[in-house]
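Here is a short briefing to read with the model open beside you.

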Amino acid sequence: MLRRGFILFLPRLVGLLVVACCSMSIVYMLACTPKGDNQQLALPRVHSPTAKEGYEAILQEREEQHRNYIISLKKQIAQLKAELQGRTEQLKNMQNHYPDSLDIQLDHSKPEKAQANLLAFLRSQVDKAEVHSGVKMSTEYAAVPFESFTLQKVYQLETGLTRHPEEKPVRKDKRDELIEVIELAVGSLNKPDGVSKAKPHVYTASDFVEGIYRTEKNKGTLYELTFKGDAKHQFRKIVLFRPFGPVMKVKNENVNMADTLINVIVPLAKRANKFRQFMQNFREMGIQQDGRIHLTVVYFGKEQMNEVKSILENTSKSANFKNFTFIQLNEEFSRGKGLDVGARFWKGNNVVLFFCDVDIYFTAEFLNSCRLNTQPGKKVFYPVLFSQYNPSIIYGHHDSIPSLEQQLIIKKETGFWRDFGFGMTCQYRSDFINIGGFDLDIKGWGGEDVHLYRKYLHSNLMVIRTPVRGLFHLWHEKQCLDELTPEQYKMCMQSKAMNEASHGQLGMLIFKREIETHLQRQKLSSKKT
């Protein structure tokens, strides 16, 4: 039934389609018919006397249309430029209104939501970075070291072949970066808190003491800046973070170090002459200039012990200094054992421990850095000291070797950053005890410091690793004993080779004969001419 109905309906459908097609053809012909002369110019005939004038009129009309179209496009471009400039001004105003974040409108339809999302992302970068707490690391090479700076100099680890361990921030981007950070910190310090009614101290860049910074490649740059406080031994510390955008203030706190005592622990065996030199430095910097210091000497054996005790007692009498402890152990020298015994012997309140050697020279500024970069349960300080080259090689061409104080300058020709050494460290005694102290099975030279350093890296404590300008390793001839293990002996020989001179100075020694031969030839040739 349905099929029969469809067959009957099919001719009607075909007829309707034919009528529709005809109607569309008629309409198309009417629409395409040229209009009258008063409405549109008809194309002139080829042999008409007015053909040339007609074509010229058409071309002129088309040219006018294109000219009007270009003018319209220029107006649209000008409007777009004006709109873009307006959006840029809005962005700048929003950045000024929110100085602690990078406020970019990712979605123009919902700018507030985009701004909130971006701000949340930048805040998450701070949480991901090692700012508030340390993170566990697998090896001693995983820690990202800090670099330190003052108003005039930058102290950097990665010197390469051209950069110097101490230099002015020559590169404009680095100079502008550090100036921006200092200015932002000064502005933050001078911002009224709305609580204190006392006249606030107005901070300037001259109050800046020192700063450290490091960049974690996938997170941002962390800055820790220290300023002079309102009184002696008081400081203001500001922590800033740049999450690949404007700097964000993380912390602004008062740091009072007036009552923070440092216990300097020195393990020793023999070496009375070196100890006498060490005590001269300790008396000037530790007792006279700093005054908040305790000395613990852990002495191994009995040879030269009376001479060492006499030096210590004479310093105590002449400087009226009573804050010292002398511990004697009748056993083979072990640096780790000496430091461990000295740390555990302390019975007072929680104290900052500075593990030191007898061939170390430190300044009063370093002792403040030791205090400022340690925090119980949060931070330990592993400074990278500047190691002195052999003075007899450095100053071999001089009439005499300068005094020790004149030798202690940070230059490429005088020494190097001892970034492979982890022996000099500052930490609170509570952190040292909680981490388990030294491995007492390690005997002799080397290894115990790296073991302790790895313990801290594997913990949640933050390890502050940075070169410091006030800590020097004084050159001394190094003896690598046969009793050392193969690994210890190799480390000792590597350290010995590094201590002598720079590559250039060693090269001059190696090629000394060739240089002298060249000079002789130059003299002979000059005589002949």
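What is the mean pLDDT of the protein? The mean is 82, and 82% of the residues reach 70 or more, where pLDDT is the predictor's confidence in each residue, from 0 to 100. This is a predicted model, in which local features need pLDDT of at least 70 and side-chain atom pairs count only at pLDDT 80 or more, while totals for chains, interfaces and linings use all residues. Residues are numbered from 1 along each chain as its sequence is written, and side-chain values use heavy atoms, with hydrogens and water left out.

**Where to be careful**
- Over residues 30-43, pLDDT stays under 50, and the model has four contacts (heavy atoms within 4.5 Å) beyond four places in sequence for them.
- Residues 97-106 also have pLDDT under 50, with 27 contacts beyond four places in sequence.

**The sheet**
- Seven strands form an open sheet in the order 3-2-1-4-5-6-7, with antiparallel pairing; strands (E, at least two residues) and helices (H or I, at least four) are DSSP runs, numbered from the N terminus, and two strands pair if DSSP finds at least two bridges between them.
- Strand 3 (166-167) and strand 7 (248-256) are at the edges with a single partner strand each, so one side of each has no neighbour in the sheet.
- Strand 2 (residues 154-155) runs antiparallel to strand 3, joined to it by two bridges, and Y155 stands opposite E166 in strand 3.

**Helices on the sheet**
- Helix 3 (residues 111-128) packs on the sheet, where it touches strand 6 (234-242) and strand 7, and its direction makes about 45° with that of strand 7; axes are lines fitted to C-alpha atoms, for helices over the stretch in contact, and angles run from 0 to 180 degrees between N-to-C directions.
- Helix 4 (residues 172-189) lies across several strands, including strand 1 (147-149), strand 4 (208-216) and strand 5 (220-228), and runs at about 55° to strand 5.

**Helix 5 and its partners**
- Helix 5 (residues 272-290) packs against helix 6 (residues 305-319) at an angle of about 20°, with the axes 10 Å apart.
- The two, helix 5 and helix 6, are therefore roughly parallel (angles under 35 degrees count as roughly parallel, over 145 as roughly antiparallel, 65 to 115 as roughly perpendicular and the rest as oblique).
- Residues making this contact include F275, M279 and I287 of helix 5 and V308, I311 and L312 of helix 6.
- Helix 5 and helix 8 (residues 364-372) have axes that come within 9 Å and cross at roughly 70°, which makes helix 5 roughly perpendicular to helix 8.
- That contact is made by M285, G286, Q289 and D290 of helix 5 and A364, L367 and R371 of helix 8.
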